[in-house]
Amino acid sequence: MGTEKILIIGSNGQIGLELAASLRQHVGYDNVICSDLRKLDFQEGPFELLDVLDKNRFLEIIKKHQITQVYLLAALLSATAEKNPKFAWDLNMNGLFHILDAAKEGLIKKVYWPSSIAVFGPSTPRANTPQYTVMEPNTIYGISKQAGERFCEYYHQKYGVDVRSIRYPGLIGWKSAPGGGTTDYAVHIYHEALKSKTYTSFLKAGTILPMMYMDDAIRATISLMEAPAELVKIRSSYNIAGMSFDPEEIAASIRKYIPEFTINYAPDYRQAIADSWPQSIDDSEAREHWGWKPEFDLDKMTQVMLENLKATSSQS
Ligand code: NAD
Ligand code: AKB
């Protein structure tokens, strides 16, 4: 990957901030260009303002920096997308088309685009959900991810585009604030555990969802992007798994470090979204094809999350 020039689109989000730091270590600081709708106060390194829906600006940036790879992270997540379905479809699909078309025209060599467990729906088997199964998503976010997967595979088969993708479960990290996702309760709970020792969950007790610590997700992403092309046998998107838990279990894990922590429940519209998703994921193909293996379980993640959030809040 030594001579690659990488553009991350949506680099200020939960994944982007961590991915940018890791990629800069892999390919060199100045070889990773971050881009987003706004510049952050603490933003360091090469950065461009970019709305991914502005195709001309995107083309200008890839030309200016001689970009070889694009990581497309700009999207509306599940909860936010339900509030504005038409815009969510526009952003999630047209952003992807701009990148895939540039790759089809030979302007960039490789594309990373994340899918989600949201591609599955209420008719999917919920336990140990296989790579290939019934997929009838009933959220606009899931529908856009499902369509995106089909287009990624189509562009690979018809035009030879080297596009790679992972169906992330709910991702949990301490470096950024929770976004507009249904699984984001599992990020927020750690912040509240430290701040007020109590948390009101918008998902009911017993709502088991697949989750993953951010470091594992970033490692999986870079490992898939660095894998030799012949090992990447799935060009829609790969299932990967880390852990599965419900709000009671994450609360119990937090109580190992903060014994007085309590959890309450006030389920809202996000409950229906969570109820349509799998509880656990079978990631055999990712393990077999490119050697995926998670490193974090729930308690290890809780320890790292609480330690780092505590250290960050004492600095501010
Ligand atoms: P996020 O909401 O934290 O970040 C998205 C970033 O995209 C933001 O910084 C936002 O400013 C930027 N953005 C929005 N519209 C844009 C536009 N028009 N042009 C340029 N930038 C724009 O999301 P995230 O959690 O970092 O997720 C990134 C990707 O990973 C998304 O495709 C999401 O669907 C996928 N994903 C995330 C998770 C998760 O748990 N975080 C799980 C599955 C899949
Ligand atoms: C969300 O909850 O929308 C995301 C996801 C699982 O795609 N975290």
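The largest pocket holds about 970 Å³ of space. Of its 42 lining residues, G13, L73, A74, A75 and L77 are the closest to its centre. This is a predicted model: local features need pLDDT of at least 70, side-chain atom pairs count only at pLDDT 80 or more, and totals for chains, interfaces and linings use all residues. Residues are numbered from 1 along each chain as its sequence is written, chains are lettered from A and ligands numbered from 1 in the order written, and side-chain values use heavy atoms, without hydrogens and water.

**The largest pocket**

- A pocket, on a 1 Å grid over the protein atoms alone, is an open set of points with protein on both sides within 12 Å along at least five of seven lines; lining residues have an atom within 4 Å of a point.
- Its volume is the space filled by probe spheres set on the points, which are joined across faces, edges and corners.
- Two or more lining residues come from each of α1, β2 (32-36), α3 (78-83), α4, β6, α5 and β9.
- Helices (H or I, at least four residues) and strands (E, at least two) are DSSP runs, numbered from the N terminus.
- α1 gives the most to this lining, with three residues.
- By class, the lining has 21 nonpolar, 16 polar and five charged residues.
- Here Ala, Val, Leu, Ile, Met, Phe, Trp, Tyr, Cys and Pro count as nonpolar, Asp, Glu, Lys and Arg as charged, and the others, Gly among them, as polar.

**Ligand 1**

- The space taken by ligand 1 is the largest pocket.
- A molecule sits in a pocket or cavity if more than half of its atoms lie within 2 Å of its grid points.
- Elements giving two or more residues to the shell around ligand 1 are α1 (14-27), β6 (115-116), α5 (140-159) and β9 (170-172).
- There are 24 residues around ligand 1, and D36, D51, V52, Y141 and L171 come nearest; a residue counts as near if one of its heavy atoms lies within 4 Å.
- That shell has 14 nonpolar, seven polar and three charged residues.
- The side chain of D36 places an N or O atom 2.6 Å from an oxygen atom of ligand 1.
- A polar backbone atom of Q14 is 2.9 Å from an oxygen atom of ligand 1.
- A polar backbone atom of V52 is 2.9 Å from a nitrogen atom of ligand 1.
- Alone, ligand 1 exposes 830 Å², and the protein buries 89% of that (Shrake-Rupley method, 1.4 Å probe).

**Ligand 2**

- Ligand 2 also sits in the largest pocket.
- Around ligand 2 are L77, S78, S116, I117, Y141, G181, T182, T183 and W277.
- This shell divides into four nonpolar, five polar and no charged residues.
- Oxygen atoms of ligand 2 lie 2.5 Å from a polar side-chain atom of S78 and 2.7 Å from one of S116.
- A polar backbone atom of T182 is 2.7 Å from an oxygen atom of ligand 2.
- The protein covers 94% of the 260 Å² of accessible area that ligand 2 has on its own.

**The cavity**

- One cavity of 30 Å³ or more turns up in the whole structure; a cavity is a set of points where a 1.4 Å probe fits but cannot get out.
- The largest cavity contains about 50 Å³ of space.
- L72, A74, A75, L91, N92, G95, L96, W113, S144 and K145 line the largest cavity.
- α4 (85-104) and α5 each give two or more residues to this lining.
- The largest share, four residues, comes from α4.
- Six of the lining residues are nonpolar, three polar and one charged.

Terms used:
Polar contact = N/O pair within 3.5 Å; in protein donor to acceptor, adjacent residues only side chain to side chain.
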